[in-house]
Amino acid sequence: MFSIFKRKRLALNPVPLTLAQSWWLFAAAIAALVPLLEHIPVWLSATAAVGMAWRAWLIWRAGRLPPRWLLFILVAAGCVAVAVEYRTLFGRNPGLALLVMFLALKLLELRSARDGVTVVLLGCFLLLASFFFNQSIAAALLVTVALIVIVAALLSLQHVSTPRRQLQQSALLLAQALPFMLVLFVLFPRVQGPLWGLPQDAFTASSGLSESMSPGSISKVAQSDAIAFRVKFKGQPPPPQQQYWRGLTLTQYDGVSWKYRPEPEMSELPYEPTGKSIDYEVTLEPHNQRWLFALEKAGELPPASSISRDGLILANQPVRNRLRYSMRSYPDLATDPKTTVRIFKAALQLPNGVNPRTRALAESWRAQYDDPEKIVQVAIAFFQSQFLTYTLNPPLMQENAVDAFLFQHKRGFCEHFASAFAFAMRAALIPARIVGGYQGGEVNPVDGYFTVRQYDAHVWVEVWLKGRGWVRVDPTADSAPSRIENGLSQAVAANESLPLMARNNYAWLRELRYRWDATANAWNQAILGFNPERQRDLLSKLGMPEPDWKQMTAWLAALCGLLLLGFTLFALHQREQRDEAGRIWQAFQRRLARREITIAAWMGPATYASYAAAQLPQHATAIHAIAECYAALRYAPEQTAAHLAHFKALVARFKP
């Protein structure tokens, strides 16, 4: 009865944490929060830092933990702050914020190993949550380092060793888990979709082109060196004059902004591809829009996509994951010049009372020339004669922006050129629209991929010419041809600030960029791009032509079982090899057994030494020395080579 009461009392009063365990848990909390710092509000980071600093001060000074009523108040205040920040307590971002706050406050009530396990589990979940935002190589490496620290903290709850030894054991455990991870990666059913699927905040972060364009919008996109997509050509890339990656069509114009207007979609191409083709594969970064990018003119449609009547290739769902698709384009193809009345009317619409000087100029062209092609040529010549400057930092233009660009400031980015030209064409009664996408790119000599970045964002104009259909006219290329031929860095002035990846100043930086891009691309293709289709292809090569959940489960169980068996046998073998002190102790016992002095199962080294010394008093000193040395080797935290050699020498000299 007394023993039962004692066990209950121990359960209610767990053993308090040691100083070393407290510091390990503190380090684990820091390791879990570091990968998330850029994804949580600054006030939350500061609050968590204050709570953790408070905990560090308590550990250092051996102070008393704050009362529970104070922690309850802090939790309530934190929940209110999160609700105010995000307008809800549900979803990815508010849920993550709550967990960060709970982890910081949990440190202020750490009393036992059970509390420590809670901190470890919270830390592991937060590391997983960091992949909701970033799945790059750098993020994976940072999470791996943090996980080593967290597992070391978990090991400290079982036994405390030196920090170096603790980290080594943690890294070894994670290394032993790698084969299981690889088996699960290959055989576990892949789920097509993002890591986080709540619609309200799963895809709030996106970059690139949007559904509207106003003065300055494209130049802002061009300030980023983020990758838009990568292309693998089957052969040499086309010349720069053909590197127009068509994305969306902007038709509606309100005097300031051009906007995308959805058109009816078709599941098949409205024309017959002919001529010389270009084959390539696109790896598109997620941008949370439906449009896909391809060279003109598309000769096929990717799976699960359609094409609109204005030539826009659309995925069935917004691109929220990295998407890879094969394409074939025909750069010299003249498409069917037929179009709908609705598209014609939209391509001629202009608001009243805006840009009067440009409107009057275009009307004079129309009065002077009857041929639309001649008007287009005259307009191009006019743009060239104005000596317009291509710049990443155009002046702010709102009212009558086209007039201000053509006749006053004469400084602009591609959206200013395209907007002014399209306006002039419509004023001259020539249907025109703006096409948004990317122009150019760069071949990575390390892996051969053609990389298109956000600073390659570009807009141009399509005009309708009878008998030819929609014809591309790029007023930027006519006024600043170096933009098309040599890229952004050669088209702007030398004193303008460029994105880091667009600069050509440093050869070593460019070489480093190539290698990093190639490594990141390999990671994306092999790891992040391992989708259900690629999994089925791999499994079919491994002998499962039609893999289903039964086959995959059987293979998964068999391989994991073999791995467990192999690790078990290896551990037993290593234990036998490493337990040299035990083998020497057994040799000592065999020598005493010759004198009919045997050890009982219940005897420890000290008891056995006392029993043997009583039987052989002339060897009592040597027997006790051997037993003490063995006990030190067996139960001390570390076995040193010097101690083991001393123990071996003692047993070798012992001859009863």
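Helix α6 (residues 113-130) has 18 residues and should span 26 Å at 1.5 Å a residue, which agrees with the 26 Å between its end C-alpha atoms; the expected span is 1.5 Å times one less than the number of residues. This is a predicted model, where local features need pLDDT of at least 70, side-chain atom pairs count only at pLDDT 80 or more, and totals for chains, interfaces and linings use all residues. Residues are numbered from 1 along each chain, and side-chain values use heavy atoms, leaving out hydrogens and water. Helices (H or I, at least four residues) and strands (E, at least two) are DSSP runs, numbered from the N terminus.

Now to a helix pair. Helix α13 (residues 401-409) and helix α14 (residues 414-427) pack at about 105°, with axes 9 Å apart. They are therefore roughly perpendicular to each other, a label for angles of 65 to 115 degrees. Val402, Phe405 and Leu406 of α13 make the contact (heavy atoms within 4.5 Å) with α14 residues including Phe417 and Phe423.

| Partner of β15 | Bridges |
|---|---|
| β2 (residues 227-233) | four bridges |
| β14 (residues 442-443) | two bridges |

Strands pair if DSSP finds at least two bridges between them. Arg230 stands opposite Thr451, while Val443 has Phe450 as its bridge partner. Six residues separate β14 and β15 in their hairpin, and Gly448 in the turn has a positive phi of about 80°.

How values were computed:
Axes fitted to C-alpha atoms, helices over the stretch in contact; angles between N-to-C directions. Parallel < 35°, antiparallel > 145°, perpendicular 65-115°, else oblique.
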